[in-house]
Amino acid sequence: MSLENHTAVVTGAGQGIGRAIAKKLAADGARVAALDINETTVQETAQLINEAGGRAKGYVVDCTKREAVNAGIDQVVADLGGIKILVNNIGWSGTSFFEDEEESYWDQVIAINLKAPFLVTHAVLRSMKEQGEGHIVSLASDAARVGQLQGVAYSACKGGISAFSKGLAREVAKYKINVNCVCPGPTNTPLYESAINDKIKKAFTQIIPMKRIAQPEEIANAVAFLVSPGASYITGQVLSVSGGLTMAG
Ligand SMILES: NC(=O)c1ccc[n+]([C@@H]2O[C@H](COP(=O)([O-])OP(=O)(O)OC[C@H]3O[C@@H](n4cnc5c(N)ncnc54)[C@H](O)[C@@H]3O)[C@@H](O)[C@H]2O)c1
C-alpha cells in the first residue's frame, strides 16, 4: 500500500486505461478522484473501487474547459485533500487521412490530447507544491514515437505531450515533482475498438513481438510504478508499454 495518504487525480477514468489506472492506484492505497465527461461510467468506476474496499469519488468534468477543470480540482482538494498524483489519461483520435481533415477536427484532437493535459496540470500544480511532493504521468502513445497512419494530428499531439512532460520535468524538479510519460501500444479498450479497423488489428497481433495487444491493467501497472516512491529519481522519461512493438534507444 505504497500510496497511503496520497490523493490521486485520474482523467478519463470512466473506461479503458483510465479506469484500470484508477483501480490500481486505489488498490495501492490512494484516495482516487476519477474525472470524466461521462457521468454514468465515472460513477461506475468510483463504485467499483469503493465496493472493492478502496476510496474513490467520481467527478463529471470536461477536461478541455478551463473553468470546469479549475472548479473540479478545487472540489477534489476540498473532498479528498491536497493532490500528490495526477494521471493525464484522456485522449482521442478519429481515423482519417490528413488531407481530408477540416480545421475543426484538428481543434478537437488538440483540445482533448494536448490542451486538456495542460489545463489539468496547471490546475493541480499549486496543490502539489503545497504538499511538497508530486507525481505526474501523462498517457502519450507510441504514435508519438513512430507516427500513426490516419492519426497525423493525434501523433503530433502525443509527440507534444512527450515534449511537454520533459520541459515541465525540468521546471518542477526543484519542488520534488516528477513528470513522466507512458506510451501504450495497442490496448484493448473502447477507443481501440472504435478507432482501429479489423485489418490493422490483425496486423498488430502479427507484428507485436508478444503477439497480442495489451490489457489496460498492464498499462496501469507502469503508471502505478512511475507515481510510486520507487520512482522518486525518475523524471522526464518516456516509457513504452507495447509488448516490444517499439523499442526506444
Ligand atoms: N487504447 C489504445 O490502444 C491506446 C494506445 C495508445 C495510447 N492510448 C492512450 O491512452 C489513453 C486512454 O485511452 P483509452 O483507449 O482507454 O481511451 P477510451 O476512449 O477508451 O477512454 C477515454 C476516456 O476519456 C473520457 N474523455 C474523453 N474526453 C473527455 C473530456 N473532454 N473530459 C473528460 N473526460 C473525457 C471518455 O469519456 C473515456 O471515458 C489516451 O490518452 C489514449 O490516447 C491508447
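This is a predicted model: local features need pLDDT of at least 70, side-chain atom pairs count only at pLDDT 80 or more; totals for chains, interfaces and linings use all residues.
In which hand does α1 pass α9? The crossing of α1 past α9 is right-handed, and the points below build up the picture around that pair. A crossing counts as right-handed if the near helix is turned clockwise from the far one by less than a right angle, and as left-handed if anticlockwise.

1. Residues are numbered from 1 along each chain as its sequence is written.

2. Let's start with the sheet. Seven strands form an open sheet, paired in parallel, in the order β3-β2-β1-β4-β5-β6-β7. Helices (H or I, at least four residues) and strands (E, at least two) are DSSP runs, numbered from the N terminus, and two strands pair if DSSP finds at least two bridges between them. At the edges stand β3 (55-60) and β7 (238-241); each has a single partner strand, so one side of each is left without a neighbour in the sheet. From one strand to the next, the twist averages 20°.

3. Now look at β1 and β4. Strand β1 (residues 7-11) pairs with strand β4 (residues 83-88) in the parallel sense, over four bridges. Val10 has Val87 in β4 as its bridge partner.

4. Two helices on the sheet deserve a look. Helix α1 (residues 16-27) touches β1, β2 (31-36), β3, β4, β5 (134-139) and β6 (177-184), and its direction makes about 170° with that of β1. Helix α9 (residues 216-226) lies across β4, β5, β6 and β7, at about 165° to β6. Axes here are lines fitted to C-alpha atoms, for helices over the stretch in contact, and angles run from 0 to 180 degrees between N-to-C directions.

5. Back to the opening pair. The axes of α1 and α9 come within 8 Å and cross at roughly 50°, and the two helices are therefore oblique to each other. Angles under 35 degrees count as roughly parallel, over 145 as roughly antiparallel, 65 to 115 as roughly perpendicular and the rest as oblique. In α1, Gly16, Ile17, Ala20, Ile21, Lys24 and Leu25 meet Pro216, Glu217, Ile219, Ala220, Asn221, Val223 and Ala224 in α9; contact requires C-beta atoms, placed from the backbone, to lie within 7 Å. The residues of this contact divide into nine nonpolar, two polar and two charged. Ala, Val, Leu, Ile, Met, Phe, Trp, Tyr, Cys and Pro count as nonpolar, Asp, Glu, Lys and Arg as charged, and the others, Gly among them, as polar.

6. α1 has another helix partner to consider. With helix α2 (residues 39-51), α1 packs at an angle of about 25°, their axes 10 Å apart, and these two are therefore roughly parallel to each other. Arg19, Ala22, Lys23 and Ala26 of α1 meet Thr45, Leu48 and Ile49 of α2. By class, that contact has four nonpolar, one polar and two charged residues.

7. Finally, the ligand. It is surrounded by 30 residues, the closest being Gly12, Gly16, Gly91, Thr189 and Leu191; a residue counts as near if its C-beta atom, placed from the backbone, lies within 6 Å. The elements that give two or more residues to this shell are α1, α4 (103-131) and α7 (190-195). The shell divides into 14 nonpolar, 14 polar and two charged residues.
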